[in-house]
Amino acid sequence: MSRAMEERPLTVVAEAAPGGHTLRAPPTPEPEERPPRRKLPYPVIALVLQGGGALGAYQAGVFQGLDEAGITPNWVTGISIGAFNTAIIAGNAPAERTVRLREFWETICRSPAWMRPMDDMIDTWVARLGGETRKSFSAFEAWQAICQGQTGFFLPRLPPPWLSLEQPPEKVSYYDTAPMKATLEQLVDFERINAGETRVTVSAVNVRTGNFEYFDNSSGHWKGRLRAEHFMASGALPPAFPPVEIDGEFYWDGALVSNTPLLKVLTTWPRPDTLAFQVDLWSARGIVPNNIWDAQERLKDIQFSSRTRAITDLLSREQHVRHLVRQLLHHIPDERRCSDPVCKEARLWASDRRVNVIHLIYRDKEWDGMAKDYEFGALTMRDHWACGLDDMRRTLRHEDWLDLPGPGRDFVTHDLHSAGDDGAEG
């Protein structure tokens, strides 16, 4: 696959436009057109990417919005498809990241060879008709992914795995993900990742022990040792995809245990002031389904939603307690504070850290269904991308959301969708 592959413009059907209103995302800025980098008052600016398969194009749009605003995360962390996006972002020079993300998504969302000459015509026709036609087309695209796989991502195993009673662990799956390894190695500079210019953390589950494990390029056992397999392990959701062997151990998708790495970012030591952009692909809130297909979709929403609000509520209370401990220590004489064992332990808990979490959540479209995480059609991908870009732009209109929280506000959260464009703060 060539880096010079032709790039098609990102096209999306507007959600409220069954009659065919079409929006086009602007082209990716050339390096010389990139805005100056913004200096924000945080030692850590983290981009936190949830898993969600084909919905991950939304995260690419969010990143483009950050990039065009001059905001450069210095810590990118992800799970599953979020790990793949993490690899593309951190494994390329800042000026190339949005371009490489587009190439990655255009690659894995390419239609089968026999359809490519008709791609533009079909997409335009489906976009104009909208409604039930769009739903049917999305179902067709998902069916194709099941039957034929996705270019540069996965292929069906032949013969099918159920025809054999015993196989090597790396072949126990319905699909072969060797194409994704080739895609990552083509588009990602792992030497850049391991150099640590941007901190990278991806997560997986040890199949043998059931333990959740962080693969981090800057600390711990995996420091400076990340390669394509670590990112593939984070996206190895069984039984569709096989476990990935790394140093004699096999790993599955981290989403089996937790589908967001936000907790890792907010519990790191030491505790610097942190701005975290949390990008979720599944919404915990939804309607009660009235048919079996919607029930299966709702099951996924609940199973894979990140519980971001629960995590932020818990850590907000914890940070408040840490701040109180720090204030109490100031009332203790210096001599005792330095010698008393209880005070010494309390100093480890004390913190005046300030945390700002900006939360973005993909919102389902009328044509989404139970297959939305494996519907890799190019038309839908471009819609997801443009939706993420639009959400990030609208979020950044609230300039004050980027400010360091003031006195008495140890931990704040902002969510564009909680109260319309006015957003919300907690």
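Colleague: What is the relative accessible area of D247, and which word describes that residue?

Modeller: In general, a residue is called buried under 20% relative accessible area, exposed over 50% and partly exposed in between, with a 1.4 Å probe and protein chains only. D247 has a value of 46% and is therefore partly exposed. Please keep in mind that this is a predicted model, in which local features need pLDDT of at least 70 and side-chain atom pairs count only at pLDDT 80 or more, while totals for chains, interfaces and linings use all residues. Residues are numbered from 1 along each chain as its sequence is written, and side-chain values use heavy atoms, with hydrogens and water left out.

Colleague: Where does D247 sit, and what is its phi?

Modeller: Helices (H or I, at least four residues) and strands (E, at least two) are DSSP runs, numbered from the N terminus. D247 belongs to the loop between β9 and β10 (249-253), and although it is not a glycine, its phi is positive, at about 50 degrees. S80, which is not a glycine either, has a positive phi of about 60 degrees, and its place is the loop between β4 (75-78) and α2. S80 counts as buried because its relative accessibility is 11%.

Colleague: How should I read the largest pocket, and how much space lies in it?

Modeller: On a 1 Å grid over the protein atoms alone, a pocket is an open set of points with protein on both sides within 12 Å along at least five of seven lines, a cavity is a set where a 1.4 Å probe fits but cannot get out, and lining residues have an atom within 4 Å of a point. Points are joined across faces, edges and corners, and a volume is the space filled by probe spheres set on them. Here the largest pocket holds about 630 Å³. It is lined by 29 residues, and those closest to its centre are L237, A240, F241, D373 and Y374. Two or more lining residues come from each of α2 (81-90), α5 (131-148) and α10 (292-304), and α10 gives the most, with three.

Colleague: How many cavities does a search of the whole structure find, and which residues line the largest cavity?

Modeller: The search finds four cavities of 30 Å³ or more, and about 60 Å³ of space lies in the largest one. Its lining consists of L266, R271, L315, E318, Q319, R322, R353, V355 and F411, and the largest share, four residues, comes from helix α11 (residues 308-329).
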